[in-house]
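Please walk through this structure, from the packing of its helices to the pairing of its charged side chains.

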Amino acid sequence: MRGSSDPQLAMLTTLSTEELIPKDHPIRKIRVVVDAVLAELDPIFDAMYATGGRRSVPPEALLKSTVLMAMYSIRSERAFCERLNYDLLFKWFLDMRIDQPAFDATTFTKNRARLLEHAVADEFFAAVVRQAKLRKYMSSEHFSVDGTLLNAWASHKSFKPKDGPPSEPPQAGRNVEVQWHGEKRSNDTHASTTDPEARLYRKSNNTAATLCYSGHLLIEHRSALIVDAELTTADGYAERQTALEMLARLPASKRRRTVACDKNYDTKSFVADARALGFTPHVAQNVSGNRRSAIDGRTTRHAGHTVSQRIRKRVEEPFGWIKTIGGGRKLRYIGRQRNRAWFKINAAVYNLIRIVALDAQPA
C-alpha cells in the first residue's frame, strides 16, 4: 500500500532536541567542554547584568552561538539566526526547546558593548586554555610564535586623503571606477573612511598592499595548542613587538624556555628582548645577501634548535583553520576592538576542537 504524508500536527509531544541528536555526534563532546568553560565565567556574567528588569538572552547562548558560527563557517549573525529557527542541532547546543523561536540578530549588536567592556572574549579564551592545562596537554617550556595578515572589512576605494573633501554619497547603479595611477598613498596621509583603524600593508614586495589587521598566535610544542592570541594594527614592527608582549604574559618560570620563530624575527632587538624575558630564541637565520644573523652557532648547534624549527611550522595549522573554517580571511567587523574579540574566540574554538580530539586519543 502506498503511503502518504500526514500534515496533521501533534497537539501534545514530549519530544526534545536531546533525543534527536545522535549519541556519538562529535559536537556532544565539544559541548561538555564549552559548558565547563562557561561555568567558570558565571561570576562575570552576574556582574554584567542588573538584578531587576526584563530577562535578556543568556550570555551563554551568545557565546555558544559564536562557537557554532566558527565551527560551521556561518558568515553573519543574521544568517545564523535564520538557521537557528530550523536547525535542531543548533537549538540543542543552545539549550533551546524545539518550539522556541530564534532570537533576533540585533541581540548580538545590543550586547556586544557589554561583552567588550567586561573582556568576555579574553576570559573565554583563558578558560579554554585552563581546560587544556588541566588535562596536561600543554607544554610550559617550548613555544612558537608567528603572525599573519587578515583583510579588513574595507575596500581600497575607502582609502582616501585625511585632509581631503568630505566623501560624496555613493551613486546608484554600477560601482564607480577609480584611477590611482601616479597617486601616492600611505597610512600617514590616507585613511579608510569605512574602517579608520585598518592599515594599508603588504606582506612582501611581491604581493599587493591591502587594508588589513595583523593576527598573532603563540602555540606550545606538545600538542600545538594556542597559548595566546592577539590582533593588532598592521605595520612592520607589530609581529616582533606583539610576540614579546605575549611571551611576557606567560607565567614566570625559573627554567630557561625556548621560542621558535621565522626569519622575520631574526633581529638583534628581538633576540635580546626575548633573552631578557628568559627565552632562548630559536629563530630561523636570515642571512640573505650580506646580512648577518642575530644568532650564531652557540644556538644553532644544539639539536633543540632543529626540533623547534620543525615544530614551529604547526602554527600555520590554526592560522589556516581561522582563515578558512572560521571565515577570517576577510574580517567581518569594523574596528580593532570588535575584530580582536572575534579573533580570540575563534582561537578558543580551535583549541576546543583540538582538546576533544586529544581526549579521544588512546592513553
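The model is predicted.

Two packed helices are described by the angle between their axes and the distance between the axes. For helix H4 (residues 59-71) and helix H7 (residues 106-117), the axes come within 11 Å and cross at roughly 110°. On the H4 side the contact is made by Leu62, Ser65 and Met69, and on the H7 side by Thr107, Phe108, Asn111 and Leu115. Sorted by class, the contact has four nonpolar and three polar residues, and no charged ones.

The loop between helix H12 and helix H13 (316-324) holds Arg314. Arg314 counts as partly exposed because its relative accessibility is 29%. Leaving aside residues up to four places away in sequence, Arg314 touches Ile219, Ser223, Ala224 and Arg354. Gln100, by contrast, is 214 residues from Arg314 in sequence and 42 Å from it in space, C-alpha to C-alpha.

Side chains of opposite charge can pair when their charged atoms come close. The model has 22 salt bridges. One of them joins Arg28 and Glu18, at 2.8 Å from N to O. Arg28 belongs to helix H2 (residues 26-40) and Glu18 to helix H1 (residues 17-20), 10 residues apart. Arg28 is buried, with a relative accessible area of 15%, whereas Glu18 is partly exposed at 33%.

Another salt bridge is formed by Arg135 and Asp359, whose closest N and O atoms are 3.2 Å apart. Arg135 sits in the loop between helix H8 (120-134) and E1, and Asp359 in helix H14 (residues 336-360), so the pair ties together parts 224 residues apart in sequence.

Arg249 and Asp228 also meet in a salt bridge, at 2.9 Å from N to O. Asp228 counts as buried at 8% relative accessibility, while Arg249 is partly exposed at 45%. Both residues belong to a network of salt bridges that also links Asp122, Glu230, Arg336, Arg340 and Lys344.

Conventions
Residues are numbered from 1 along each chain as its sequence is written. This is a predicted model: local features need pLDDT of at least 70, side-chain atom pairs count only at pLDDT 80 or more; totals for chains, interfaces and linings use all residues. Side-chain values use heavy atoms; hydrogens and water are left out. Axes are lines fitted to C-alpha atoms, for helices over the stretch in contact, and angles run from 0 to 180 degrees between N-to-C directions. Helices (H or I, at least four residues) and strands (E, at least two) are DSSP runs, numbered from the N terminus. Contact means heavy atoms within 4.5 Å. Ala, Val, Leu, Ile, Met, Phe, Trp, Tyr, Cys and Pro count as nonpolar, Asp, Glu, Lys and Arg as charged, and the others, Gly among them, as polar. Buried means under 20% relative accessible area, exposed over 50%, partly exposed in between (1.4 Å probe, protein chains only). A salt bridge is a side-chain nitrogen of Lys or Arg within 4 Å of a carboxyl oxygen of Asp or Glu.
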